[in-house]
Amino acid sequence: MRQKIVAGNWKMNNDLPQSISLLSSLVSKELHNEVKVMVAPAFPLLYPAKEIVKESNIEVIAQNINENKNGAFTGEVAASMLKSIGVTTVIIGHSERRAIYNETYSVLAKKVEAALAQNFRVIFCVGEELDARKKNEHFSVVENQLAESLFQISENDMKNVVIAYEPVWAIGTGETATPAEAQEMHAFIRTKIADKYNNAVAESISILYGGSVKPDNAQEIFSQPDVDGGLIGGASLNADDFTAIINAF
Ligand code: PGA
């Protein structure tokens, strides 16, 4: 059985009081006990967030890391720093990082390696832009993203990888891939993992869907055989909505 995961990507939202209020509300909810729940606050809130959720099964994760170990990289955060405060999962390759901060295939490959070197779990994001989908190039875009930044790692390291398929045109737009479109891409990703590694690896990796997942569409998306959970942006900022998505499994 693959692990079911629902991860909330808060992006650059929630200051300290807002984080405390959202997390306090979340820890008081009945959350599906077979779902691994994660939340990704901004860097300064990671430590206080961990304090608030420490009696719960909620894991606090990071939205980004720098690809270097340490040194003269003003404004950046290393995996080892996160590890020292007990954060050991990181999102890498989110489309906003790729598009706004010009994170290239090679930088992302280095980030993946930097995280795995510290025994992190990596949530590696892939997904095509609208234009590519219209031109029917979505499979080749995702295939390249996997090949260029993820498939250099060993089979053993793949055990610490979760993939999130997030079509860029569905992020924050209210538009979701249909459950069939999500399933089709998730199955394609699994095939590519099997081709590169083997079936056992492909079958064991959780593949999350992201892009305008809401309480009213989560159940249909999560019911697809190759969808193992979700990476949730907007709806993770509201405790009731996020809970409803977690409990949609
Ligand atoms: P959204 O964001 O749920 O607001 O569309 C998803 C994401 O960017 O991870």
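Visitor: Where is Gly8 found?
Guide: This is a predicted model, and in it Gly8 belongs to strand β1, which covers residues 4–9.

Visitor: Buried or exposed, that Gly8?
Guide: Gly8 is buried: its relative accessible area is 0%, and the cut-off for that word is under 20%.

Visitor: Which residues is Gly8 in contact with, neighbours within four places in sequence aside?
Guide: Gly8 is in contact with Met38, Val39, Ala40, Ile232, Ser236 and Phe242.

Visitor: Turning to the helices, at what angle do α7 and α9 pack?
Guide: Helix α7 (residues 138–149) and helix α9 (residues 179–196) pack at about 40°, and their axes lie 11 Å apart. The angle therefore makes α7 oblique to α9, and the crossing of the two is right-handed.

Visitor: Which residues meet there?
Guide: From α7 come His138, Phe139, Val142, Glu143 and Leu146, which meet Glu184, Met185, Phe188, Ile189 and Lys192 of α9. By class, the contact has six nonpolar, three charged and one polar residue.

Visitor: A new topic: where is Asp226 found?
Guide: Asp226 sits in the loop that runs between α11 (218–222) and β8 (229–232). Asp226 is buried, at a relative accessible area of 13%.

Visitor: What joins the side chains of Asp226 and Arg190?
Guide: A polar contact of 2.6 Å links those two side chains. Beyond residues up to four places away in sequence, Asp226 touches Arg190 along with Arg2, Gln183, His186, Ala187 and Ile207.

Key: Residues numbered from 1 in each chain as written. Predicted model: local features only at pLDDT ≥ 70, side-chain atom pairs only at ≥ 80, totals over all residues. Heavy atoms only, no water. Helix = DSSP H or I, 4+ residues; strand = E, 2+ residues; numbered from the N terminus. Buried < 20%, exposed > 50% of the residue type's maximum accessible area, 1.4 Å probe, protein only. Polar contact = N/O pair within 3.5 Å; in protein donor to acceptor, adjacent residues only side chain to side chain. Contact = heavy atoms within 4.5 Å. Axes fitted to C-alpha atoms, helices over the stretch in contact; angles between N-to-C directions. Parallel < 35°, antiparallel > 145°, perpendicular 65-115°, else oblique. Left-handed = near helix turned anticlockwise from the far one by under 90°. Nonpolar A, V, L, I, M, F, W, Y, C, P; charged D, E, K, R; others polar.
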